[in-house]
Each structure stands twice: as structure tokens, then as C-alpha cells.
Amino acid sequence: MTQNELYVPKGASTNAQYTVDIDPKRAGWTHSSLRIVELAAGGTHTFTTGDSEWIVLPLEGGCTVRTGTEEFQLLGRESVFAGVSDFAYVPRDAQASIASGAGGRFALAGAKCERRLPARYGPAPEVPVEDRGSGTQLRHVRNFASADAFDCDKLIAVEVVTPGGNWSSYPPHKHDEHRPGAEAELEEIYYFEIDGPNGFGYQRVSPSREGGSDVLAEVRSGDAVLVPDGWHGPSVAQPGHDMYYLNVMAGPGETREWRICFHPDHTEGYR
């Protein structure tokens, strides 16, 4: 895919309901989706899950999520840079609503799936958090819906905060082939927010095959980058401006797992 197809600047996928709306048809693939909904104080958003499972993740503010007979109060957070948030899982073939007394912004990370799992609440204190890398390669990973942290059918989702001036998604890695025990085939969305006014970062996706995905994008708050295939990384944060990204992944594999292959030319000196 070309740079114009892979880079989704803020506003390019906006519609009457969502400030970001990336579904499999828009992305040209089969599973992964991301929506961002903004609610004014007292606002409500209702949606049908269809053939996908969804996680409602507060980016800014708190909300109440209702589906069927279940109701989940999400405390949320002041911003994505303020720390981990609680979240709610909503199954396929359901109707759900998000209501916010004070207003806020909420991500809906989705994946087409087969099993209908129960609606559940994800407490913030139970989210595994890890520091990955060191020095100028240090980043903070919040594994709220990683394959080994929270049960979904297909969906894998994590948050990463990269300190200003650092590199993350490094070494470049890929997950575009099904190789049992070594690599899983996963489509991926990167959604970015940058701390502070006028902040920016850079995202690289390079081909892993002839004619594969190739993009180098300057990213700002509200932008997204699609990764249907290819080596992705580094993600580079401007000095003085921390960079946040939400990764949404899913694929056709029978087993839900995150298995990646590092680029052989860039592993030397990784810390």
C-alpha cells in the first residue's frame, strides 16, 4: 500500500459519529477497527457491535458503558499521559451505549471475531505495565488487552508512551506471516497523541516483501497509521514531547497470540 493509503491524518476518517473511524473496508483488510468518539457533557453514544468485539477505552474523561443487563462505571483519566485507565469489553452481536456526565473522548478498539464472550470490566490496577528497552529506547507499555492479559477472541490492544526524544517500536519488527511458533499474522493500527502544543513524531513502515507497505509519516495528535504488512518502527518522539500511541491488532489465526519477527539488520546494539 502507498503512503497516502497508510497514513490517516486527523480529520481524514471523521464522520457524523466519530472523529476517527477506521474499519476493515477503510483499511483494506479483514479484522481490525478503531473508532474515537467525543462526547459533550451529558452526551450519549449508542452503537451496535455487529460481527466484532469491542473494548471501550477512555482517552480523556470517564463514562458509563451499558450493554444488555450489564453496566460498567469507567473512572477514566484526565489524559492518556496521566496513567492507566479502566475499560469495558463489549461482545459481538450486541447493542451498547456510552454516556458521560462530564464529557470526554473514548476509543473503541474492535476486531471481527467468531466467539461471543461475556461483557466484562477491566480494572486499571490489573493492567500489566512494563518498561521496554533502556536509555533512548525506553518506552512504557500498558498491556491492557494483550494476548496474555485479558481474554478476547481476536482483539489485541496495548498502549505505549514514548518519552520525548526516544525511539520505540524498535528494533523494527513485523507480524505479517503465519509461521507457527515464530510469527503471527496481525493487522495493526497505530493511533497517536502527542503531549503539548505543536508536538509531533515520526512513524516508519518499510517493506518486508516486494511491493509491500512503505511509509514515513510525521504524526501529530489524532493521526493514525495502518500496518497491514511490513517492518514497523521506529516510532520517534520529538524531544520535549512525550508520544502516546494505541495499538489495535487482530488477524485470521486460530490462536490469539502476539508473535513478532525483528528486522535482522537492526538488532545489534538494542538495549
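Predicted model: local features only at pLDDT ≥ 70, side-chain atom pairs only at ≥ 80, totals over all residues.

Trainee: Cysteines, then. How many disulfides are there in the whole structure?
Mentor: A search of the whole structure turns up 0 disulfides. Take Cys113: the nearest cysteine sulfur belongs to Cys152 and is 8.9 Å away, while a disulfide needs the two sulfurs within 2.5 Å.

Trainee: Is Cys113 buried or exposed?
Mentor: Cys113 counts as buried, because its relative accessibility is 8% and the cut-off for buried is under 20%.

Trainee: And what about Cys261, how does that one count?
Mentor: Cys261 counts as partly exposed, at 21% relative accessibility.

Trainee: New topic. How much space is in the largest pocket?
Mentor: About 420 Å³. The lining is made of 25 residues, and the closest to the pocket's centre are Arg132, Val141, Asn143, Val158 and Trp258.

Trainee: Which strands each supply at least two residues of that lining?
Mentor: Strands E11 (129–132), E12 (139–145), E13 (156–162), E16 (187–194) and E21 (243–250) each do.

Trainee: What's the lining like by class?
Mentor: The lining of the largest pocket has 14 nonpolar residues, along with 6 polar and 5 charged ones.

Trainee: Okay, rings. How many aromatic pairs does the structure hold?
Mentor: There are 10 aromatic pairs. One of them joins Phe81 and Tyr244 in an edge-to-face arrangement, with 6.4 Å centre to centre and 70 degrees between the planes.

Trainee: Where do those two residues, Phe81 and Tyr244, lie?
Mentor: Phe81 is in the loop between strand E6 (70–77) and strand E7 (87–90), and Tyr244 is in strand E21, so their pair ties together parts that are 163 residues apart in sequence. Strand E21 also came up as a contributor to the pocket lining.

Trainee: Buried or exposed, how do the two partners come out?
Mentor: Tyr244 counts as buried because its relative accessibility is 0%. Phe81 is partly exposed, with a relative accessible area of 24%.

Trainee: Which residues form an aromatic cluster?
Mentor: Phe87, Tyr89, Phe144 and Phe150 form one. Tyr89 has a charged neighbour too: Arg120 lies over the face of its ring, 4.5 Å from the ring centre.

Trainee: What sits over the ring of Trp231?
Mentor: That's the charged end of Lys174, which is 5.8 Å from the centre of the Trp231 ring.

Notes: Residues numbered from 1 in each chain as written. Heavy atoms only, no water. Buried < 20%, exposed > 50% of the residue type's maximum accessible area, 1.4 Å probe, protein only. 1 Å grid on protein atoms, 1.4 Å probe; cavity = no way out; pocket = protein on both sides within 12 Å on 5 of 7 lines; lining within 4 Å. Points joined across faces, edges and corners; volume = space filled by probe spheres on them. Helix = DSSP H or I, 4+ residues; strand = E, 2+ residues; numbered from the N terminus. Nonpolar A, V, L, I, M, F, W, Y, C, P; charged D, E, K, R; others polar. Phe/Tyr/Trp six-rings, centres within 6.5 Å; stacked < 30°, edge-to-face > 60°. Lys NZ or Arg CZ within 6 Å of the ring centre and 35° of its normal.
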